[in-house]
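Subject: Structure handover

Hello,

Here is the structure for your files. My notes on what was found in it come after it.

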Amino acid sequence: MTAYRPAFDRDSRQWWERVGRREFAVQECDGCGAARFPARAFCPACRTEAWHWREVEPEGVVESWIVNHQPFMPGLAEPYVVVMVRLAAVPGCFVYGNWRGDRPPEPGERVRAAYRRIDEELTLVDWEPAEDGGNLDTHPARRTSSR
Amino acid sequence: MSKRLLDFRDRTAIAGVGYTPFTKDSGVSTLTLACRAVLAAVEDAGLSVDDVDGLATHRVGDSAAPTLVGPALGLTDLAWHLDQFGGGSVSHAVVGQAALAVAAGMAETVVCYRAINARSEFRMGGTGRGVPVSPEVQYQAPYGYVAPPQQYAMYARAHMSKYGTKAEHFGQLAVTQRANAAKNPRALMRTPITLDDYLASRWIAEPFRLLDCCLETDGACAVVVTTAERARSLRRTPVLVSAAAWGGGTTHLSDPSADPTVTAAAALAPRLYAQAGLGPGDIDVAELYDCFTYSVVVQLEDYGFCGKGEGGPYVASGATALDGPLPVNTHGGFLSEGYVHGMNHIAEAVSQLRGDAGDRQVVGAEVALSTAQPGYILPATSALILRRP
């Protein structure tokens, strides 16, 4: 279960549907090629509207995390960890999810999405240590094209 | 910056301030709180409510709109009003915009206010009621990530990881501000605390403890903005608006700077100081937005009072105490006086510059900086430099 069911909007619905198929996609601008997330109509770099989905590796590095000691929403059991991940595929983009690790995250640690199916309509994206582990000390956004 | 903006410097003034008591349960409507604070500010300025031709506020969560407050006070033909969307990021922008309206001649006497029953009725961040409406909520709330203490804790942890900022640094800030509140009859929390008390306070969202967090408060605060010329003829020592600046910021999901330890205040500060013709070394007292301890630490860096990453040790050195080189949050701030979303920081700066801050008066205070939430969460921030004539 989840404490909160997201309300998909006209920009985001397709993204959530892809997550439901365990596919992690970002928008890529047809005009300038810039990647963006979350989904929105205009490219903030070249201000044009044409774009397409691009499936990317669901990877990033840990920017920060918190341990929640009270249920900030009804139905949550504390403590629980929320992790802030610098998404590899989109420069300057952070995403959030619950932590799937038997130890706390470490700053700069490489992580990978772990899908959590709630039901037919909804799958969430959590984060877990990447299998190859290790810390990145360079800009992760530049490391993605090699995969 | 436009050269014309220099005409703005010191053209307007804050002529009065007003408060309701700060409590955990006001027992009255938010509209009533707003009216009481507006009337108190008008009275402090030595004006009649019929002199008011402008009202301005901002809103997120609870608020009372100018279009309600005006008619409730018999003001049926306001020449100018502002009901700005936004929380603590825009508190100082409200006063800045009122000063612009007065400087432009759109209105002569504008009361800026903020009224909230933020403890007894409408708590921030969705705790106990529906979550706030924003497209970004859908990417966070399913993971139980929705409330300001969580969001600020996240940024604080990034600062701790990058610069070695410690819990003890945050704790010293809480201790220092409580010592100030002990000298402030308005403050909700006046019992002094120690660093041990801070460290023993319960976790909210690691790395934040209870004493990192501000006080959810019922209350209202208001300030009267008029022309500098007119303010000189009124009851109180006028406090000049030397500079007002607006800035950008980041959302949760998009951070163009790609460094969450730098806030939008770093880009705003040069505009603000240039407008006033002053620098950080000219500031005698600073009332900095302190929704959480970390907010002050990062602003001390981004407004240029210490180097990047040195905010924690700066606080621990005692620099921000009442007898330090830069007294900060002399009223106790949101952490200990009460949380009225920024307007009470402006009102405290006015008290310090008028010299009527009682036991917590900073001797010889002539120039004050007061700031809004530095641009996390909602991509906006704002700030004022005020001075005595």
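**Helix α3 of chain B**

The buried residues of α3(B) are B:Ser91, B:His92, B:Ala93, B:Val94, B:Val95, B:Gly96, B:Ala98, B:Ala99, B:Ala101 and B:Val102. Buried here means under 20% relative accessible area, with exposed over 50% and partly exposed in between, for a 1.4 Å probe and protein chains only. With ten of its 14 residues buried, α3(B) is mostly covered.

Before the rest, the conventions. This is a predicted model, in which local features need pLDDT of at least 70 and side-chain atom pairs count only at pLDDT 80 or more, while totals for chains, interfaces and linings use all residues. Residues are numbered from 1 along each chain as its sequence is written, chains are lettered from A and ligands numbered from 1 in the order in which they are written, and side-chain values use heavy atoms, leaving out hydrogens and water. Helices (H or I, at least four residues) and strands (E, at least two) are DSSP runs, numbered from the N terminus.

From its first C-alpha to its last, α3(B) reaches 21 Å, close to the 20 Å expected at 1.5 Å a residue; the expected span is 1.5 Å times one less than the number of residues. Just after α3(B) comes B:Gly105, with a positive phi of about 85°.

**Packing of α3 against α12**

Helix α3 (residues 91-104) of chain B packs on helix α12 (residues 343-354) of chain B at an angle of about 60°, and their axes are 8 Å apart. That makes α3(B) oblique to α12(B). Angles under 35 degrees count as roughly parallel, over 145 as roughly antiparallel, 65 to 115 as roughly perpendicular, and the rest as oblique. Axes are lines fitted to C-alpha atoms, for helices over the stretch in contact, and angles run from 0 to 180 degrees between N-to-C directions.

On the α3(B) side, B:Ser91, B:His92, B:Val94 and B:Val95 meet B:Met343, B:His345 and B:Ile346 of α12(B). Contact means heavy atoms within 4.5 Å.

**Cysteines**

How many disulfides are there over all chains? The count is zero, taking a disulfide as a pair of cysteine sulfur atoms within 2.5 Å. For B:Cys112, the closest cysteine sulfur is in B:Cys221, 10 Å away and too far for a bond. B:Cys112 is buried, at a relative accessible area of 0%. The sulfur of B:Cys291 has its closest cysteine sulfur in B:Cys214, at 6.4 Å, which is also too far for a bond. B:Cys291 counts as buried too, at 6% relative accessibility.

Helix α9 (residues 293-302) of chain B has ten of its ten residues buried, so it is largely enclosed by the rest of the structure. B:Gly304 follows α9(B) and has a positive phi, near 85°.

B:Pro327 lies in the loop between α10 (311-316) and α11 (333-336) of chain B. This proline is buried, with a relative accessible area of 2%. Leaving aside residues up to four places away in sequence, B:Pro327 touches several residues, including B:Asp284, B:Ala319 and B:Val362. The C-alpha atoms of B:Pro327 and B:Glu287 are 8.4 Å apart, although 40 residues separate them along the chain.

**Chain A**

Chain A has one helix and eight strands, in the order α-β-β-β-β-β-β-β-β along the sequence. Of its 147 residues, 48% are buried.

Regards
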